[in-house]
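Hello! Here are my notes on this model, written as numbered points so that you can follow along in your viewer.

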Amino acid sequence: MSDLVVAVLGKYNYWLYIILMMIGIYAMIAKKNLIKKLVGMNIFQTSIILFYVSIGCKKGGTIPILEHSPGHHMVEPAHYINPLPHVLMLTAIVVSVSTFGVALALALKIYRKHKTLEEDEILMQLRPE
Amino acid sequence: MNHHYPVLIVTLPLLFAFVVSGTAWVKKSLCFPLTVAGMGLSAWFSICLLGQVATTGPVEYRLGGWAMPWGIGYRVDTLNGMVIAVVTVLAFINLIATRKTVVQETPDKTGAFYSLYLLFVVGLTGILVTGDLFNLYVLLEVASLTSYALIGMGNGRAPMSALNYLFLGTLGGCFYLLGVGYLYIMTGSLNMADVATLLPPLFKSSAIVMAFIFCMAGVSIKMAFFPLHMWLPNAYGNAPTAAGSLIAPLMTKVMVYVLIRLMLTIFSVDFVFVILKMGPPMVWMSSLAIAAGAVFALAQKNLKRMLCYIIVSEIGYMMGGAWLGNNAGMTGAVLHIFNDAIMTLCLFLCAGSIYYRTQGLEMERLKGLFRKMPVTMACFVAGALSIIGVPPTCGFFSKWYLISGGLAAGQYAFVAALIFSSLVNAILFFRVIEISYYGDFETHNAHGSSGAAVMESPASMLVPLIIVSTGLVVVGLYTGGIVNHLIHPIVLKAGFSG
């Protein structure tokens with residue numbers, strides 16, 4: 001039992017990202033409204049960004065700039081937060097924003113054509129064609 | 001100049017994409033020549049690069065001069081050199097061939113269309129040359145985002161199918177990113193060669209197994225591997241002609257390349273086939289993909305949708321060949337990437353040429369087309385024979401390698417699926433040929449399209465089409481050279497014995 005508690009609480013960042021991911025996938029599958037699906041997709045992407053950010057963090061770490069080390073001469077890697085995952089996520093945020101932008105543009109095009117954003121109504125309109 | 005080829009292939013189309021989107025505001029008629037210049041240079045440099053790689057061995061390029069494990073590096077060996085050459089050359093041919101259809105279908109958006117076209121090529125070539133796992137993710141999303149936009153430019157159902165493709169494609173990209181994250185936690189590196197040297201002691205770790213499974217799942221969604229193929233027929237079938245014939249032959253093949261790169265270079269053959277033992281189940285899945293694609297293709301009434309389901313089936317060929325886990329199977333898979341890109345382009349260009357005149361690709365509209373469009377239909381027959389696998393064309397040779405790989409591995413279900421799909425392809429294409437050869441053209445005038453205007457397509461479409469269909473035979477005849485000089489060094493180096 002105590003093993004389970006340690007597994008859940010000790011690695012809470014992984015549990016959180018998986019819960020967020022499942023919320024996102026649920027919204028993408030279950031919601032009928034295209035914008036709600038898009039929000040679900042965004043939650044899904046954000047969960048992965050949070051996963052990356054959390055793996056770079058450590059308690060009591062400092063920022064990786066030389067001047068912050070006492071006396072300027074010792075560089076102790078163990079004290080620094082690894083900046084690389086955070087930098088990678090800047091790029092991933094750009095990707096997710098541009099995906100959202102393209103998706104909204106497509107949703108706008110769909111709305112102009114069908115006058116609705118409910119997926120079932122759009123499919124009803126497309127079927128007779 | 002010589003050692004800058006890898007970066008020029010990617011950055012030239014990028015530069016021209018910006019120039020084209022700027023020029024579109026000033027003078028629309030300049031967009032096409034500028035795109036041709038950008039694509040042509042990129043294609044020329046990729047051929048030079050392939051020659052260089054084939055003679056002097058793998059080429060490495062350090063962006064900004066940073067040494068490899070720290071900076072982003074490009075690394076080109078014969079495997080990706082070959083795929084880059086075929087991607088850029090086919091994109092160039094498709095660009096020339098589809099000029100008229102772009103004007104016909106998206107008349108006021110040519111500037112946007114051509115800059116997206118170039119950006120899509122940037123994404124694909126970037127995926128191919130890069131030696132960095134995260135860089136691959138970013139360029140994967142560049143290629144995907146531009147393909148969503150290109151598909152969404154179509155009319156009718158196109159925006160809806162593009163949005164569905166976007167949902168699934170984003171899921172695929174995110175799974176790949178998650179897999180890269182797990183790899184990074186375990187190894188602390190993103191450089192492919194570096195990760196490959198750090199991984200062997202960690203093979204027993206479950207995090208590495210999960211990383212592999214996430215990467216596989218992501219790439220399988222992007223390549224439309226059978227149970228995950230739902231987005232493909234709608235997206236490619238409803239895309240504008242020029243976008244469809246650009247994306248359909250290239251995107252899925254590049255994804256198969258990513259899979260083979262992951263299997264051979266990053267997670268070695270030992271891990272995939274000996275430790276995980278994923279070979280046999282994946283070959284079964286691929287056999288299912290081949291059979292399902294063929295059966296769905298039989299049910300289609302529209303030529304382009306039929307071709308889309310044939311792509312689903314062909315993805316099964318390449319996945320199955322790669323997962324057979326022997327020399328012949330892997331050779332067949334790599335050779336089929338090369339051949340299938342050419343065959344699919346040939347068939348999509350024929351479909352585009354027919355659509356340009358008839359404005360529809362339903363089977364009954366094809367009646368009597370052999371008399372009206374003899375050259376297009378002759379090229380269609382060449383492409384069809386290659387997909388079926390008739391000897392002088394290139395499709396036969398890769399299928400031969402796949403079947404002999406299947407026999408060597410004892411995977412008789414895969415061999416049976418290959419033969420079944422060849423037979424179904426023969427039925428599919430002879431049905432089309434029968435309709436268009438023996439069908440009476442006059443009856444089709446009653447459908448309301450301008451029957452009198454249906455005639456052979458302009459020379460600007462026919463010449464590239466003829467080049468591609470002769471290419472099918474030429475590549476078939478030079479198969480021995482391609483296999484011995486380009487594919488075998490890679491397959492042997494990865495640890496498959498001859």
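1. I would start with helix H9(B), whose buried residues are Ile208(B), Ala211(B), Phe212(B), Phe214(B), Cys215(B), Met216(B), Gly218(B), Val219(B), Ser220(B), Ile221(B), Lys222(B) and Met223(B). A residue is buried if 20 or more other C-beta atoms lie within 10 Å of its own, exposed if 12 or fewer, and partly exposed in between, with C-beta atoms placed from the backbone. Helices (H or I, at least four residues) and strands (E, at least two) are DSSP runs, numbered from the N terminus.

2. A word on conventions: this is a predicted model, in which local features need pLDDT of at least 70 and side-chain atom pairs count only at pLDDT 80 or more, while totals for chains, interfaces and linings use all residues. Residues are numbered from 1 along each chain as its sequence is written, and chains are lettered from A and ligands numbered from 1 in the order in which they are written.

3. Back to H9(B): the cover over its buried residues includes H7, helix H11 (241–266) and helix H14 (303–323) of chain B. H9 itself spans residues 206–223 of chain B and reaches 26 Å from first C-alpha to last, close to the 26 Å expected (1.5 Å times one less than the number of residues). Just after H9(B), Ala224(B) takes a positive phi of about 65°.

4. Now look at H15(B), residues 327–358, which has 32 residues and reaches 46 Å, close to its expected 46 Å. Here 32 of 32 residues are buried. A kink of about 30° is centred on His336(B); the bend is the angle between axes fitted to the seven residues ending at a residue and the seven starting there.

5. Which residues touch the most other members of the largest nonpolar core? They are Val254(B) and Cys346(B), in a core of 215 residues (buried Ala, Val, Leu, Ile, Met, Phe, Trp, Tyr and Cys joined through C-beta atoms within 7 Å). H15(B) gives the largest share of this core, 20 residues.

6. Finally, the interface: 20 residues of chain B are in contact with 24 residues of chain A, contact meaning C-beta atoms, placed from the backbone, within 7 Å. On the chain B side, H7(B) supplies the largest share, twelve residues. Chain A has five helices and zero strands, and 22% of its 129 residues count as buried.

Conventions: Contact = placed C-beta atoms within 7 Å.
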